[in-house]
Amino acid sequence: MSPASPDILRGTFDLLILKALSWGPTHGYAVARWIESATNDALEVGEGTLYPALHRLEEREWIVAHWGPSENNRRAKFYSLTKAGRAQLRIETDNWRRYAAAVFAALEAPALR
């Protein structure tokens with residue numbers, strides 16, 4: 001089976017990051033753990049994937065970052081949604097729901113005659 005398109009995966013990953021940050025500021029490690037937990041470990045999030053995505057979202061001004069102490073009193077970079085990020089989360093959520101509904105509809109459609 002061929003892997004999913006990188007654009008689909010990137011868009012989905014961005015959506016999951018935005019969702020993880022929708023409950024408030026958190027550091028990258030917590031974002032990765034939330035995604036893994038929320039997907040019942042179906043998605044593994046490595047640092048090599050997570051941090052470039054966080055930087056991409058910062059460049060788009062959907063998130064901002066600031067330094068602060070973690071739960072272990074270590075210095076960590078915390079990420080927060082911006083107003084634009086919250087709007088993008090709504091847009092991406094709506095788009096994903098439409099996309100998923102279309103795919104499920106196709107999977108349930110009868111055979112061509």
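R33 has a relative accessible area of 29%, so it counts as partly exposed; buried means under 20% relative accessible area, exposed over 50%, and partly exposed is in between (1.4 Å probe, protein chains only). Before you go on: this is a predicted model, where local features need pLDDT of at least 70, side-chain atom pairs count only at pLDDT 80 or more, and totals for chains, interfaces and linings use all residues. Residues are numbered from 1 along each chain as its sequence is written, and side-chain values use heavy atoms, with hydrogens and water left out.

**Exercise 1.** Find the salt-bridge partner of R33 and say where the two residues lie.

*Solution.* Step one: the side chain of R33 meets that of E36 in a salt bridge, 3.0 Å from N to O. (A salt bridge is a side-chain nitrogen of Lys or Arg within 4 Å of a carboxyl oxygen of Asp or Glu.) Step two: both sit in helix α2 (residues 28-38), three residues apart, or about one turn of the helix. Helices here are DSSP runs (H or I, at least four residues), as are strands (E, at least two), numbered from the N terminus. Step three: E36 has 14% relative accessibility, so it counts as buried.

**Exercise 2.** How many salt bridges does a search of the whole structure find, and which residues are linked in a network?

*Solution.* The search finds three. Start with R56 and D14, whose closest N and O atoms are 2.6 Å apart. R56 lies in helix α3 and D14 in helix α1 (residues 6-21), so this pair ties together parts that are 42 residues apart in sequence. Both R56 and D14 are buried, with D14 at 5% relative accessibility. Next, D14 also forms a salt bridge with R60, at 3.4 Å between the closest N and O atoms. That pair links distant parts of the chain, since R60 is in the loop between α3 and β2 (63-69), 46 residues from D14 in helix α1. R60, at 40% relative accessibility, counts as partly exposed. Put together, D14, R56 and R60 form a network of salt bridges.

**Exercise 3.** Which residues of α3 are buried, and which are exposed?

*Solution.* First, the buried ones: L50, A53, L54, R56 and L57. They cover an arc of only 160° around the axis, which puts them on the same side of α3; the arc is that of the directions from the helix axis to the C-beta atoms. Then turn to the other side of α3, where E47, G48 and E59 are exposed.
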